[in-house]
Amino acid sequence: MKHIVFMFEVHQPYRLRRNIKSLLLSNLIRKGRLTPEDLEKIYFDEDLNRYVFERVAKRCYLPANYTIKQQIEYFKDSGKKFKVAYSVSGVLLEQASRWFPELVESFRQLASTGLVEFLDQTYYHSLAFLVAEEEFIYQVNEHRRLIKKELNYEPRAIENTEFIYNNYVGCLFDRLGYKVVLTEGVERILGWRSPNYLYKAKNCNIRVLMRNYRLSDDIGFRFGSTWWNEYPLTAEKYSAWLAATPGDVILIAIDYETFGEHFPAETGIFEFLRWLPGEILKWENLTISTPTEVAEHLQPRDEIDVPEHMTISWADLERDLSAWIGNFMQQDAFNRLRDLWLQIKALRNPGYERLWRLLSISDHFYYMSTKGGGPGDVHSYFSPYKNPYEAHMLFSEAIGDLETRTLLALENDKKALMRYAWMRSLPDENKFYFYAGPGKPLGKQAWNMFSFIEALREVPPETIVHHQSLQDFANWIEYVVGDVELARKIREINVASPEEIRKQLLSVLENRRAELFG
């Protein structure tokens with residue numbers, strides 16, 4: 001029996017305003033001090049975001065949900081059932097709750113059928129995995145909490161934003177307890193193998209389900225294309241293709257907006273969706289399953305190895321990260337976002353943290369793409385801006401303002417400033433290099449205070465004695481890290497036993513860490 005898996009990506013971003021600078025000035029004159037809530041309204045175009053959301057909800061989300069629920073109920077008492085999976089971003093559910101609550105209720109009704117699986121992803125549909133593991137996990141957990149709260153569902157399957165995947169991502173999801181991760185079936189990774197089998201991630205046990213992008217794009221990109229030699233695409237024809245395709249499982253993953261937004265109702269897209277389940281279930285060798293069911297019922301055929309330098313996604317012809325960080329503007333914008341994260345974390349201001357996370361939404365970087373040809377047309381289609389240069393300018397205005405406000409806030413909060421000093425990664429010339437004695441480097445280094453503490457636990461006793469006798473620890477902490485108070489306490493440690501020195505050093509360091517971070 002061959003498993004057919006349908007997964008729909010459901011996401012709408014928060015788009016930036018075109019007049020951020022003038023609004024900042026006028027609001028500052030009128031109100032004096034601007035709160036994070038004020039800044040969110042200034043940075044992001046609420047009128048445009050609401051207009052787009054309501055339009056797509058009416059044209060796509062509600063009618064598509066209705067059609068799918070109708071088909072689920074029609075087949076629920078039959079031997080074979082119709083099932084689907086959704087990956088709904090946190091920011092989409094936010095917007096639905098604010099502007100279209102009946103959509104949230106519609107998803108709840110789908111969840112209540114027991115035949116719909118909801119995947120986890122990053123709450124902000126972001127590039128958080130490129131920033132820090134802590135932030136990545138936070139956004140995944142926030143999404144998990146939201147799905148539980150709004151839909152009373154606990155996901156066991158997951159995708160990273162836009163199907164971005166590598167070995168690190170897969171094994172992190174494995175550590176978080178997920179059963180299966182969805183990603184793209186890319187030839188440079190698969191080689192001679194087919195995406196139509198279940199795989200295992202390298203170095204861990206999570207199952208990897210890979211999208212058949214050709215069959216997916218037949219619906220997502222080519223359905224309404226009159227130039228296509230297979231036009232018109234009917235449910236009967238498509239189901240025959242699925243039945244004739246070799247493999248154990250076929251993952252069909254597309255943007256949900258395909259139904260009614262990218263292809264208007266007049267193209268027959270909803271009739272296709274309505275007839276497709278029945279046509280598939282007519283075939284004796286086909287059944288429709290959810291991602292987790294596939295992971296539980298099939299054995300992996302092989303292992304998928306995706307090193308970080310070969311990271312894959314489902315975007316553009318390259319199917320890599322170039323859709324978001326492929327040109328200078330995108331790299332500049334992302335580097336500023338990443339560099340600001342530690343300062344935001346040190347400040348511990350929930351309002352500023354939310355602003356940063358809203359700026360981490362992957363769409364901001366997608367709009368800055370300068371690719372040509374077909375991929376360029378797709379980027380332009382989704383972008384609300386005149387060109388990628390305007391997208392970069394507006395993002396620069398928003399993050400530039402947040403950078404300035406964060407720095408000013410840090411200067412007025414000495415404890416937050418010291419937290420930042422502890423967390424930041426130091427350049428090579430400022431790292432602490434451990435020696436066993438004069439001219440005897442250990443090959444171990446500390447790039448911030450956290451790595452310094454971990455290194456102290458592991459280095460040999462003679463290293464502790466060598467550096468403490470020369471006051472190296474205290475000097476580095478005072479003159480490089482900048483924690484004068486901690487350096488003073490380190491200098492006061494004066495005991496004979498190397499292990500006692502280590503013990504007292506760690507005690508002082510842990511107390512200071514607790515004082516700063518709780």
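Here is a quick briefing on the fold, the cores and a few residues of this chain. It's a predicted model, so local features need pLDDT of at least 70 and side-chain atom pairs count only at pLDDT 80 or more, while totals for chains, interfaces and linings use all residues. Residues are numbered from 1 along each chain as its sequence is written, and side-chain values use heavy atoms, with hydrogens and water left out.

**Overall build**

- The protein chain has 24 helices and twelve strands; these are DSSP runs numbered from the N terminus, with helices being H or I of at least four residues and strands being E of at least two.
- With 518 residues, a compact globule would come out near 24 Å in radius of gyration, and the chain's 26 Å agrees with that (taken over C-alpha atoms; the globule rule is 2.2 Å times the number of residues to the power 0.38).
- Along the principal axes, the C-alpha atoms fill a box of roughly 80 × 60 × 40 Å.
- Buried residues make up 58% of the 518, where buried means under 20% relative accessible area, exposed means over 50% and partly exposed is in between (1.4 Å probe, protein chains only).
- Take the contacts (heavy atoms within 4.5 Å) between residues at least 6 apart in sequence: 76% of them join residues at least 24 apart.

**Surface and charge**

**Nonpolar cores**

- In soluble globular proteins, nonpolar side chains tend to be buried together.
- The largest nonpolar core here has 163 residues, and Tyr 43, Tyr 86, Tyr 256 and Phe 452 have the most contacts inside it. A core is a set of buried Ala, Val, Leu, Ile, Met, Phe, Trp, Tyr and Cys residues joined through side-chain atoms within 4.5 Å.
- Helix H3 (residues 46-75) gives this core its largest share, ten residues.
- A second, separate core of 17 residues includes Val 5, Ala 85, Ala 157 and Leu 209.
- Setting aside neighbours within four places in sequence, Phe 452 is in contact with Phe 432, Phe 434, Ala 446, Phe 473, Trp 476, Ile 477 and Leu 509.

**Helices H19 and H21**

- Helix H19 (414-423) has Ala 416, Met 418, Arg 419, Ala 421, Trp 422 and Met 423 as its buried residues, and they pack against H14, helix H18 (388-411), H20, H22, H23 and H24.
- In helix H21 (461-469), the buried residues are Thr 463, Ile 464, His 466, His 467 and Gln 468.
- Their cover includes strands S11 (432-437) and S12 (440-446), along with helices H20 (449-458), H22 (472-481), H23 (484-491) and H24 (498-517).
- H21 is followed by Gln 471, with a positive phi near 60°.

**Buried residues worth a click**

- Met 7 sits in strand S1 (residues 2-10) and is buried, at 0% relative accessible area.
- Asp 217 lies in helix H9 and is buried, with a relative accessible area of 11%. Apart from neighbours within four places in sequence, Asp 217 is in contact with Arg 211, Arg 222 and Arg 319.

- Most residues other than glycine have a negative phi, and most peptide bonds are trans.
- The peptide bond from Tyr 231 to Pro 232 is cis, with omega near -5°; Pro 232 is found in the loop between helix H9 (213-220) and helix H10 (235-244).
- Asp 316 isn't a glycine, yet has a positive phi of about 65°. Asp 316 lies in the loop between strand S10 (302-304) and helix H13 (322-325) and is buried, at 13% relative accessible area.
- Arg 348 also isn't a glycine and has a positive phi of about 60°. Arg 348 lies in the loop between helix H14 (328-347) and helix H15 (350-359), and counts as partly exposed at 41% relative accessibility.
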